[in-house]
Amino acid sequence: MNKEFVLKIFQTKATRPLSFDGIVKLFPDLTKAEKKALQKNIDSLIAEGALVKTRTNCYGLPEQLNLVVGRIKKNKKGFGFLIQDNPDKDDLFIPAHAMNGVLDQDMVIVRLGAPAKTNPKTGEQMRATGEVIRILERFRTSFIGNFESRKHFGFVLTDDAGDIFVRKEDFNGAKKNDVVLVEITKWSDGSRNHEGIIKQVLGKQGAPGIDILSIIYDHHLRVEFPNKVAKAARQLPQKVTADAFNNRHDLRHIPFITVDGADSKDLDDAVQLEVLDNDHYFLRVAIADVGAYVTEDSVFDKEAFKRGTSVYLLDRVLPMLPPELSNGICSLNPGEDRLALVCAMEIDGQGRVVAHEIMEGVIHTKARMTYDDVNAILAGDSHISRLYRDIVPMLEDLQDLQRVLLKKRLARGAIQFDLPESGVRLDADGKPIDIYWKTRGVAERIIEECMIVTNETVAERFFWLKTPFIYRVHEAPEKERLEDVRTFLQTYGYTLHIQDDKIKPGDYQDVLDEVSAEEAYPINMVMLRSMTHAYYSPKPLGHFGLASKYYTHFTSPIRRYSDLAIHRLIKEHIRHQYKISKKRLVTQEALVARYADQASITERMAEEAERDVVALKKVEYMVPHVGDIFPARVVSVTGFGLFVQLDNSVEGLVHISTMVDDFYHFNPDQLLLVGEHSGRSYRLGESVTVRLLKANVDLVQLDFELVSEQEAENEGHHR
């Protein structure tokens, strides 16, 4: 009687909560051993949250008991949201008083409270609520905090877990005002603090780099490689050995080039292009064959799986693989023999891939080029063109191919949002010295189109093989969000075509193509915010943003576990001439589901850490500018105020309590704040003038107030 069978009992036979004896009565012939196994499976299901035990020692499914199971996303202000296991269900709002000691990402059981409703005053849609009644699993046991010592004990003051009590014998050398890593050994019962031991002293408060290190640990990212991983990495050869050439195509004569940022060290893709006699393009994309060194269940693989992705922070990189792999034997460094998986594609003048082959090979890249150099060459820089005179014709052909591929992608409805990204520069001590807008030139677009067509080609190949695989999925916006977008667009006079609650990506792009320059920002922003988050899945659900029916991530195995796992699947098929046993296919099916989930989870964690570091440094940059006046643009309108963005990309809140010239009310359909008496309104994308009131580095928060043009002129020019 396995766990699936036990669940089926409750799904089909239970008309009320069942006791253990009540379950046994349904199966009177159970042996003593079977009863013991039944109890063991029930206990396991309770631990997973699939079953719930009541106060009367009966059991039921969570949904039968008005309960839901999921993970908590906790806000720094104390409240949180329950992310339900069922992705089709909306998140639940958990007020601070109903969190009951839960921490971020803990797995919990929640009792349902008030249903979703519309706020009659503001018009905002309010989520259904709930209360945490049980913590099933603590997501983390270690936390970062400031150490405060007493004579016989101390406390680690943390943002997430409160003040953690530490006995003197567990200080492990920590001194007052140290920033430490503490591990909880005894969880609070509500009447006292958590207890823990100090595992590591990171440095003194305010020391360079401590702030970013704290974010790293807060997001559960792995910093140092375990000793056995580091030791194994040091033993790796840094040259391709002769036996590695077996069963591989020798492609060292082909003039591959890499094109990356000037600071990049983990070079995992190279390209080469020639134009055939029939005027078709023959594009070869070579990707580092990481799977040749990181084999399934190896010491490297287990660590890479836990990390899931490389994390690129402003002043450091947390690589998925040890540097001996990521920057060494796997990186497609110029003038070195390297193992690669190569996708060779014949592409016609309309951008269609008419033939392709995926092969294991050995390559020898001719040049390590930067985006800046390629952009300069294609802009006509004669000096740099002379340095790369043998490569210039291929770069010009690559630019032609980029135009062809982009034209095809746009014709099928791919979405192009016009919203630039920003970056932050730090000095040697980790202090922000500049905030800037990133630019994308022709070189970046060339590599982007080459990688997209490669990912599509590989994904479609393995879809038609009907074999377990990992796809990159981006689903269409949800019905409610589509309705919000349509209502908003109507205020600008645009129509979004929705048929049977479904939309095609081209319908979004049609609107974006129509908008005027003044309308571009608010409409781009609203449509972008309606999009779902991309993730990894064993199911080929398509990529809405790219308008791709089949899509995967094949091109970055040095820094993404999804790509590494895909490489190993492909290599296994190649080595077995695409004839995999049924038993192995069953194993692969389980593996790809596990890999896809882990890749999605770790990607989110990395994105949040990267975003938090940038946000922190932006607030830190603004500290000297408290009191200064700036031109800004409204980037979000809510019932509690306006979020504004300065010209340098910094964002903050104008709280409605500071808007004292009128009583303002929120119009959710048009995303407006409207003055009750004056009729003055503030809308998304509107230009305003603001004064910075407060820059709170601890809360990573900027507070502004609106300033009239007259007041700004009286106080001097804008910054």
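A polar contact of 2.8 Å joins the side chains of His-280 and Glu-346; a polar contact is a pair of N or O atoms within 3.5 Å, where within protein one must be able to donate a hydrogen and the other to accept it, and residues adjacent in sequence count only if both atoms are side-chain atoms. This is a predicted model, in which local features need pLDDT of at least 70, side-chain atom pairs count only at pLDDT 80 or more, and totals for chains, interfaces and linings use all residues. Residues are numbered from 1 along each chain as its sequence is written, and side-chain values use heavy atoms, with hydrogens and water left out.

His-280 lies in the loop between two strands (strands are DSSP runs of E, at least two residues; helices are runs of H or I, at least four; both are numbered from the N terminus). With a relative accessible area of 19%, His-280 is buried (buried is under 20%, exposed over 50%, partly exposed in between, with a 1.4 Å probe and protein chains only).

Helix 1 spans residues 3-12, and its buried residues are Val-6, Ile-9 and Phe-10. They cover an arc of only 90 degrees around the axis, which puts them on the same side of helix 1 (the arc is that of the directions from the helix axis to the C-beta atoms). The buried residues of helix 1 pack against the elements below; contact means heavy atoms within 4.5 Å.

| Element | Residues |
|---|---|
| helix 2 | 20-26 |
| helix 3 | 32-48 |
| strand 2 | 59-60 |

The face turned away from the buried side of helix 1 carries the exposed residues Glu-4, Lys-8, Gln-11 and Thr-12.
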